[in-house]
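Hi there,

Here is the structure I promised to pass on to you. Have a look at it first, and then read my notes below.

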Amino acid sequence: MTTASRTRETTDREDIAGRLLKSSAKASYDPLVEIDWDSPVDPDRYALKPERVSLYGTELWERLTEEQRKELSRQEVASIASIGIWFETILMQMLVRHAYDRDPTSNHIKYAYTEIADECRHSVMFAKMISKLDAPFYNLDTVAHLLGKMFKATSNGPLTFSGALFVEEILDQIQRETMVDENLEPLVRAVSQIHVVEEARHMRYAREELVRDWQHRGPLVKAYSRLMLGAVVYYSATRLINPKVYAKVGLDPREARRVARRNPHHIDTKTWAARKVVATMNEAGMIKGPGKLLWRAAGLLGR
Ligand SMILES: [Fe+2]
Ligand SMILES: [Fe+2]
C-alpha cells in the first residue's frame, strides 16, 4: 500500500468518526430518564409480531391460547435482549482492547469510547426491560458462555467488527419492525427506538472499519477469521431463543426447541434478519469455506 493511500484511509476514518461523534452529541439517550419504567406491561399486547415468534404456524402454536402466545412473545423478547446484553458485554471489552492500542485523541478512538458508553446504557436498559417483562436473564449454556469469554479476549480487528456488525444488524432488523408497530407493547417499542437510533452509528463504524481492515489481511488471517466468525454467528443465532422460554407457557423445552428449529417461519425470520449483513459480508468475501457451513447450519442463508 502506498503512503498516499494510507493517508487517504486515515483521513477517511477520521472524517467518518468525526461525523459519528457529532451525531452522538445531537441524538443520544439516557434510557433511565427517557423511558416510562413505571407503566405496567400490557398483558393484552404482543411484545413481538406474532409471525416472528419462533413457534408461529406450528402445531404447538395452535395448541397455545392467545394469552400464552402473548406471554411467549414477551419471553422471546427477553431472551433476545439477554443475547443482546451478552454480546454488548463482549463488544465493550473488544472495543476497550481496540482503544488500548491506539491514540485516544483521534476521532476514531473517541468514537470507540462513545460507543462503549452507549452499550453500557443499552445493557442496563435491556436488563430493566427483562425484569419488567417478568422474565429471567436467559443466561447462555456453558459452551457458548466460554466461547464468548475466549472470543472477547482474543478477537483480532476483523473479528471484533464483523462480530459486532452481525449481532447489531440482527437485533436492528427485529427492533426496526417493532418500533413502528403500534399494536405492540409500548415499553418494547420505546426500548427498540432508542437502540435503533444509536446502533445505526455503531453499524456504520463497524462496517467501515471492517472493510478497511479486511483488505490488508493476508490469506491465513482471512481463513482463520472466516471460521471464527462462522462460530460466533452460529452460536449467537442458534441461541437467540433460549429453550427455557417455552417452559414459561407450559411447553416441553426440548420438544419446542426441536419444533422451532425446523419451523420454516422461524428459519425465514432469521434469514430475513440476517439478509443485510449477509450481503455486506458476502461482498467482502467473509462467507466462504468451512465457515459458510456454520452460517447455513444457523439458518441464516435460507432453507
Ligand atoms: Fe447496543
Ligand atoms: Fe452497538
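Glu 119 is buried, with a relative accessible area of 1%. Here buried means under 20% relative accessible area, exposed means over 50%, and partly exposed is in between (1.4 Å probe, protein chains only). Before going further, please note that this is a predicted model, in which local features need pLDDT of at least 70 and side-chain atom pairs count only at pLDDT 80 or more, while totals for chains, interfaces and linings use all residues. Residues are numbered from 1 along each chain as its sequence is written, chains are lettered from A and ligands numbered from 1 in the order in which they are written, and side-chain values use heavy atoms, with hydrogens and water left out.

Which residues coordinate the iron ion (ligand 1)? They are Glu 88 (OE), Glu 119 (OE), His 122 (ND1), His 195 (NE2) and Glu 199 (OE), at 2.0 to 2.3 Å. Donors are N, O and S atoms within 2.8 Å of the metal (3.2 Å for Na, K and Ca); water is not among the atoms, so sites may look incomplete. Along the chain, the donors of the iron ion (ligand 1) have the spacing E-x30-E-x2-H-x72-H-x3-E. Helices are DSSP runs (H or I, at least four residues), numbered from the N terminus. His 195 counts as buried, at 2% relative accessibility.

How far apart do the iron ion (ligand 1) and the iron ion (ligand 2) lie? They lie 3.6 Å apart, and Glu 119 bridges them.

**The nonpolar core and a surface patch**

In soluble globular proteins, nonpolar side chains tend to be buried together. In this model, the largest nonpolar core has 86 residues, and those with the most contacts inside it are Met 129 and Trp 295. Helix H4 (residues 66-100) gives the largest share of this core, 15 residues. A nonpolar core is a set of buried Ala, Val, Leu, Ile, Met, Phe, Trp, Tyr and Cys residues joined through side-chain atoms within 4.5 Å. Leaving aside neighbours within four places in sequence, Met 129 is in contact (heavy atoms within 4.5 Å) with Trp 37, Val 77, Ala 81, Leu 187, Val 188 and Val 191.

Gln 173 is in helix H7 and is buried, with a relative accessible area of 6%. Apart from neighbours within four places in sequence, Gln 173 is in contact with Trp 272, Ala 273, Arg 275 and Lys 276.

Val 33, by contrast, is exposed, with a relative accessible area of 63%, and its place is in helix H2 (residues 31-34).

**Salt bridges**

A search of the whole structure finds 16 salt bridges. A salt bridge is a side-chain nitrogen of Lys or Arg within 4 Å of a carboxyl oxygen of Asp or Glu. One of them joins Glu 66 and Arg 69, with the closest N and O atoms 3.3 Å apart. Being three residues apart in helix H4, Glu 66 and Arg 69 are separated by about one helical turn. Glu 66 is partly exposed, at 35% relative accessible area, whereas Arg 69 counts as buried, at 14%.

Glu 169 forms a salt bridge with Arg 207, and here too the closest N and O atoms are 3.3 Å apart. This pair links distant parts of the chain, with Glu 169 in helix H7 and Arg 207 in helix H8, 38 residues apart. Glu 169 is buried, at 2% relative accessible area, and Arg 207 is partly exposed, at 28%. Finally, Arg 13, Glu 209 and Arg 212 are linked in a network of salt bridges.

Best wishes

Definitions and conventions. Helices (H or I, at least four residues) and strands (E, at least two) are DSSP runs, numbered from the N terminus.
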